[in-house]
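The tour below goes from one selection to the next and says what is found at each stop.

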Amino acid sequence: MRRGFQVIILFIVVTFIYTMLLVQTNIASILKNLLESGDFFISGKYWLYIFEIALGLLAIMISCRIILKQTYAYNKSHWIIIMLLSPVIGIILYVVFARDFTTKKLSKTRPLIAEKQFLKLEEKTDPHFEKHESGEVFRFIGETTKRSIYENDTYVEVLNNGDTFFPRLISELQQAEEYIMMEFYIIKNDQIGTRVLDVLKEKAMTGVDVYLIYDHLGSNKYLKNDYLRSLKAAGVKIGIFDPQKISLFNSNVNFRNHRKAIVIDGHIGFVGGMNLADEYNHDSPKFGFWRDTHVLIRGNGVTSIQNVFIKDWYYITSLVLEKPLDKSVESFPGLFTVIESGPDFEIDMIKDVYLKMIGSAKKSIKIVTPYLIIEPEMMSALKIAVKSNVEVSFLVPGMSDYVTVGFATRSFYEQLLSYGIKIYELKNHFVHSKILIVDDDIASVGSVNFDPRSFHLNFEVTSIFSNPAVDVLVKSFANDLEKSNEIIPEVWKKRGFFRRFIQGLFNLFSPLF
């Protein structure tokens, strides 16, 4: 069955390439014959040929723009290949998926974001970096992101899977007294989604200020208009991130708000990988058990999560939420911070921090990600870590949610394995956690996948901490490995030609995923 599917994929790809080349050859031949005949300015076909010429010139202009763009060659090559194979499809895909994020207009309409005024809401702290093993990493984070670093005042609790996260979330929401801020990439009107949203409705009707953000591309097809109207009627204020009405002409369609963050009364926060839908609660016919991770945060560090939400609300509505920044302290040893990144004015910020964390490793690096698309600089960092006697391990899904991304993920296995990096696939299940643990001392849990889309295109948020909660993550990682299959290099090299070819093909276009 699997071999048959691979043959079908290969046939479709080859047929597509052949068809595009044939069409373009025919067009070129027709144009050549028309010009030679001298009948170029007669017949109704004139406009068709003008259109074809204009399309070709546009493809050349876009190709020149891609070539001149200041970025790595691997970020350009796949677009040039697509343009050569099919200018029509290449132009459409580029217009929709590859244009730069529009910051010029944002600077005028959202000056507080352009001027990074929201960083002024961050608390001025003076942590003792020298007293902590990962102190230099946190010093780097503070200096480069300008986000607050909290010391010994922020409690972190690991919530593994939806059957732990959702009951805790509902319980905390029911205790809200002043305000609730919630944002998800995906929100559905299914069983668990409706349960949580009904709580928001109830709290809004009692006078609690409730603010809800969802990404239009991620959520709109799952939300019923009648239910949204009932939320608004109850008093829930809803912000929709970049609604897509005419996607082809919207330069920001490819830049999505992938964050999952919640703040309750300023002293309870949640950050992690789970969206608001049944599959995250193990209630999906396709996936069944769904492995995921969120963290609950109490204390001073919640301020930083709130600042991220306030900024997103301003981005959507142009309004600044005037809510008190709670300064409650939870006695909990260690360092804590929250960082964000996005294509607006904080591009690559989380990626830079991850590179710093990986570069600081002395013993081990543990990475959990549902999507594994590794850029050259990240691959080099991992290679150097292994050469420095650091044990590097990846936990990825044994069952993919998207077939194409599954092929792209596995296309990196051979190179990773050749360096001595260990790869584990969770047996017959999908893992959606986004975790990075270094030396069993410092960890990141948030919405960030280990791929270019999360590092460069999406609006993301993650918590980074060095405290007792890291021990819980380390134990969870060990438990997951017991339920996983290790990819053995010698066995992996023996996989069939079709599988290797298809994986290589998807690797070629992996920057698109």
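Two strands count as paired if DSSP finds at least two bridges between them, and this tour follows such pairings through a model that is predicted.

Begin by selecting residues 179-184, which make up strand 3, together with strand 4, and you will see two strands that pair in the parallel sense over six bridges. Within this pairing, pick Phe184, whose bridge partner in strand 4 is Tyr214.

Next select residues 237-241, strand 5, which pairs with strand 4 in the parallel sense over five bridges, and where Ile238 stands opposite Leu212.

Now turn to another sheet, an open one of nine strands with mixed pairing, whose order is 1-10-17-16-15-11-12-13-18. Its edges are strand 1 (150-151) and strand 18 (484-486), each of which pairs on one side only. Inside this order, select residues 435-438 and 442-446, strands 15 and 16, which run antiparallel and are joined by four bridges; here Ile437 has Ala443 of strand 16 as its bridge partner.

Finally, select helix 7, residues 135-145, which lies across strand 10 (335-341), strand 16 and strand 17 (460-466), and which runs at about 40° to strand 10.

Technical notes:
Residues numbered from 1 in each chain as written. Predicted model: local features only at pLDDT ≥ 70, side-chain atom pairs only at ≥ 80, totals over all residues. Heavy atoms only, no water. Contact = heavy atoms within 4.5 Å. Axes fitted to C-alpha atoms, helices over the stretch in contact; angles between N-to-C directions.
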